[in-house]
Amino acid sequence: MKFQIPSKKTGYYPEVISLLKNMECSNSGHSELGLNHPADVFYFSFLEVIDSAKRLLERLSSDALKRKESHAYTPDNLEDYRVDIFNLIFFSANFIEACQSILKSVLHKDEKFTKASREFKDLTSSYRAHVSKIINEIKHKHRRVRPFSSSWDANLVVGYYIEGVLPGGTLGADESPLIS
């Protein structure tokens, strides 16, 4: 089974979109919490993740095809990869926070909020911890996403690391945000 990234062409959106769209404003606590309607929060944060993943995958697919056509090809646009990788990490973290806000606004007056919130946090804890650690390292310690590429024959691999200050004051791959 091949996974297809949702797009305007395929028209796929998660079922929760229709549920949230049909929610009466009076049933949601979004106004009291200073938030947008839950459907808007989900839709836009979801699309940001999908769009950033799509951009990154299209860039990688294009470069992989060029490498297949010419074994001498190496990507010269690593700065573009840096932006796309950062956006994917950032928007992924933002989507998780958006889902938490949606729970809060949908269940704002319900006793089940605490249980639902706890279950959501438990189910997403390892992912949130990993992504949050990376984002916080970048944000609070002024780290940078550093992409790199490696190639052989017709193969191309693009990866990244978080640049940090290593012992001795040199810059390099800071392993602390990547260790779970």
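Analyst: Take Arg82 to begin. Arg82 has a relative accessible area of 18%. Buried means under 20%. Therefore Arg82 is called buried. Keep in mind that this is a predicted model.

User: Where is Arg82 placed, and what is Arg82 in contact with, leaving aside its neighbours within four places in sequence?

Analyst: Arg82 sits in helix α3. Leaving aside neighbours within four places in sequence, Arg82 is in contact with Arg144, Val145 and Pro147. Contact here requires heavy atoms within 4.5 Å.

User: Why does Ala93 count as buried?

Analyst: The relative accessibility of Ala93 is 13%. The cut-off for buried is under 20%. So Ala93 counts as buried. Ala93 also lies in helix α3.

User: Which residues does Ala93 contact, leaving aside its neighbours within four places in sequence?

Analyst: Those contacts are Val131 and Ile135. Ile135 is 42 residues from Ala93 along the chain, yet their C-alpha atoms are separated by 8.0 Å.

User: What makes a set of residues a nonpolar core?

Analyst: The members must be buried, of the listed nonpolar kinds, and joined through side-chain atoms within 4.5 Å. The largest such core here has 15 residues. Leu20, Phe42, Phe46, Phe95, Cys99 and Ile102 touch the most other members. Helices α1 (15–21), α2 (38–69) and α3 (78–106) each supply at least two residues of this core.

User: How many helices and strands does the chain have, and what pattern do they follow?

Analyst: There are four helices and three strands. Along the sequence they read α-α-α-α-β-β-β.

User: How does the radius of gyration of the chain stand against that of a compact globule?

Analyst: The chain has 20 Å. A compact globule of 180 residues would have a value near 16 Å. The C-alpha atoms fill a box of roughly 60 × 45 × 25 Å along the principal axes.

User: What share of the residues is buried, and what share of the contacts joins residues 24 or more positions apart?

Analyst: Buried residues make up 34% of the 180. Among contacts with a separation of 6 or more, 58% link residues 24 or more positions apart.

Terms used: Residues numbered from 1 in each chain as written. Predicted model: local features only at pLDDT ≥ 70, side-chain atom pairs only at ≥ 80, totals over all residues. Heavy atoms only, no water. Rg over C-alpha atoms; globule rule 2.2 N^0.38 Å. Buried < 20%, exposed > 50% of the residue type's maximum accessible area, 1.4 Å probe, protein only.
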